[in-house]
Amino acid sequence: VIVAFTLLTGAATVTVRAAIMAIVSLSIRTAGRKYAPLRALTFALGIMVVINPLILAFDAAFQISVSSVVGLVLLSEPISRKIGFISERWGMREIVSATLSTQIFSMPLIMFYMGEVSVISIIPNIVLLPFLPWILLLGVVLLVLGFFGAAAGVPAAAPFAWVMKLLLSYVLWTVQSYGSLPFSSIKMTVGPFGLTVMFAFVFAFTIWLRRNCSRTSAN
């Protein structure tokens, strides 16, 4: 299913990276071993770089995706501990910590490639993230029902398609509404040197925060 989904969506580098990590995760868990996301990411990167080394230098989406995964793995748990005042109900604390951790690590690359940073992105993320798994699930259901329903001459996918349209309309409306706000983003551009300095600060902050959380847990 993962491979089929990857191929049907065009096998973009970001999707391929996620697919390899998902397959590794399923394989490791099935074997009763502990899943190590950074090792899975390294494995996926190794395969993809061997196939196409140019993605390291010329694929901005791939680079931002990888940096986001690294941020999620390294910072999500420490940030979650620091924002204990946010309720865990409806996964709110997890959404906020995941959003902050991925943005911290991807922000240098976003500034380098796009020269613009969103200052309110955490709000639409909180609003939209709970719906994204359902949208992906509905996409798979629509694919299967649409194929077999068409073969049988039965519009079995129609009710699911209506729900999918409703959810996607909500996503588009939310993104457009927040994106149209005059203060939604600010212009900030960095060059190669600035990019290096920013990542140095990001990793230094990550090391400090993880050590601080470790000491707090030990105490």
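A residue is called buried here when its relative accessible area is under 20%, exposed when over 50%, and partly exposed in between (1.4 Å probe, protein chains only). The model on screen is predicted, with local features needing pLDDT of at least 70 and side-chain atom pairs counting only at pLDDT 80 or more, while totals for chains, interfaces and linings use all residues. Residues are numbered from 1 along each chain as its sequence is written, and side-chain values use heavy atoms, with hydrogens and water left out.

**Stop 1: the salt bridges**

Side chains of opposite charge can pair when their charged atoms come close. A salt bridge is counted when a side-chain nitrogen of Lys or Arg lies within 4 Å of a carboxyl oxygen of Asp or Glu. Searching the whole structure gives three of them.

Select E88 and R93. Their side chains form a salt bridge, at 3.1 Å from N to O. E88 is exposed, at 57% relative accessibility, whereas R93 is buried, at 16%.

Next, select E77 and R81, whose side chains are joined by a salt bridge of 2.8 Å, N to O. Both sit in helix α5 (residues 60-82), and because they are four residues apart, about one helical turn separates them. Helices here are DSSP runs of H or I with at least four residues, strands are runs of E with at least two, and both are numbered from the N terminus. E77 is partly exposed, with a relative accessible area of 48%, and R81 is partly exposed at 45%.

Then select K187 and E116, a salt bridge with an N to O distance of 3.7 Å. This pair links distant parts of the chain, 71 residues apart: K187 belongs to strand β2 (residues 185-187) and E116 to strand β1 (residues 116-118). K187 is exposed at 68%, while E116 is partly exposed at 32%.

**Stop 2: the nonpolar cores**

A nonpolar core is a set of buried Ala, Val, Leu, Ile, Met, Phe, Trp, Tyr and Cys residues joined through side-chain atoms within 4.5 Å. Select M21, L41, V70 and F105: these have the most contacts inside the largest core, which has 23 residues. At least two of its residues come from each of α2 (13-30), α3 (37-51), α5, α6 (92-114) and α10 (192-218). Helix α5 supplies the largest share, seven residues.

Which residues does M21 touch, not counting those up to four places away in sequence? They are Y35, P37, A40, L41, A44 and V69, where contact means heavy atoms within 4.5 Å.

Finally, select L142, A157, M164 and V171. They are among the eight residues of another core, which lies apart from the largest one.
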